[in-house]
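Trainee: Could we go through this chain together? I would like to begin with the overall fold.

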Amino acid sequence: MNEGQVVAVCISRERGTAKENVGEGFFEENYGLRGDAHAGTSRQVSLLMEESVLRVAQETGVPAQAGDFAENILTRGIDLRGLRPGDRLQVGEGVLEVVQIGKEVKPHHYSFHGLRLLPSEGVFGRVVRGGRVRAGDPVRVLP
């Protein structure tokens, strides 16, 4: 599926913590999600599929909410697993370019009850066109 929707927009003021679902935000070009601790880094925005969060919650019995796995954008209905670096996504009014799929796990990285999804299923992007993003907005893979 090449199209879905934003379920949640999440930020945290500090690295290494869960993110809070704030419902909407603003992507700043070449910077990231305004107000988030990871803005300005090489992985400006993180995306995770709600389907992954629900699967892990069902498998482990650990209830999870938007932001618990430290993702900025929680999506529904779009399969992010087929994306590759260089692919572009329209997320709300903004456009993100995929810079990395997953990430290395380090002992100091944040985990939710010992669980980490971003290393194996996260997609990381940089903002190539800024704009507002809200829960309910469309997410599309661009040609």
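Mentor: A definition comes first: helices (H or I, at least four residues) and strands (E, at least two) are DSSP runs, numbered from the N terminus. The chain has two helices and eleven strands. This is a predicted model, in which local features need pLDDT of at least 70, side-chain atom pairs count only at pLDDT 80 or more, and totals for chains, interfaces and linings use all residues. Residues are numbered from 1 along each chain as its sequence is written, and side-chain values use heavy atoms, with hydrogens and water left out.

Trainee: What pattern does the chain follow along the sequence?

Mentor: The pattern reads β-β-β-β-β-α-β-β-β-α-β-β-β. With contact defined as heavy atoms within 4.5 Å, residues 24 or more positions apart account for 72% of the contacts with a separation of 6 or more.

Trainee: How many of the residues are buried?

Mentor: Buried means under 20% relative accessible area, exposed over 50%, and partly exposed in between (1.4 Å probe, protein chains only). Buried residues make up 47% of the 143 residues in the chain.

Trainee: Which residues have the most contacts inside the largest nonpolar core?

Mentor: A nonpolar core is a set of buried Ala, Val, Leu, Ile, Met, Phe, Trp, Tyr and Cys residues joined through side-chain atoms within 4.5 Å. The largest one has 20 residues, and Phe27, Leu47, Ile73, Val91 and Val133 have the most contacts inside it. At least two of its residues come from each of strands E1 (3–11), E5 (45–49), E7 (88–91), E8 (94–101) and E9 (123–129). Another core, of eight residues, lies apart from it and includes Val53, Val56, Ala66 and Leu74.

Trainee: What is Phe27 in contact with?

Mentor: Beyond its neighbours within four places in sequence, Phe27 contacts residues including Leu33, Val45, Ile73, Leu96 and Val127.

Trainee: Turning to Arg132, is it buried or partly exposed?

Mentor: Arg132 counts as partly exposed because its relative accessibility is 27%. This residue is in strand E10 (residues 131–134).

Trainee: Which side chain does the side chain of Arg132 make a polar contact with?

Mentor: The partner is the side chain of Glu24, at 3.2 Å. A polar contact is a pair of N or O atoms within 3.5 Å; within protein, one must be able to donate a hydrogen and the other to accept it, and residues adjacent in sequence count only if both atoms are side-chain atoms. Setting aside residues up to four places away in sequence, Arg132 also touches Phe26, Val91 and Asp137, among others.

Trainee: And where is Asn30 found?

Mentor: Asn30 is in the loop between strand E3 (24–28) and strand E4 (32–33). Although not a glycine, Asn30 has a positive phi of about 55 degrees.
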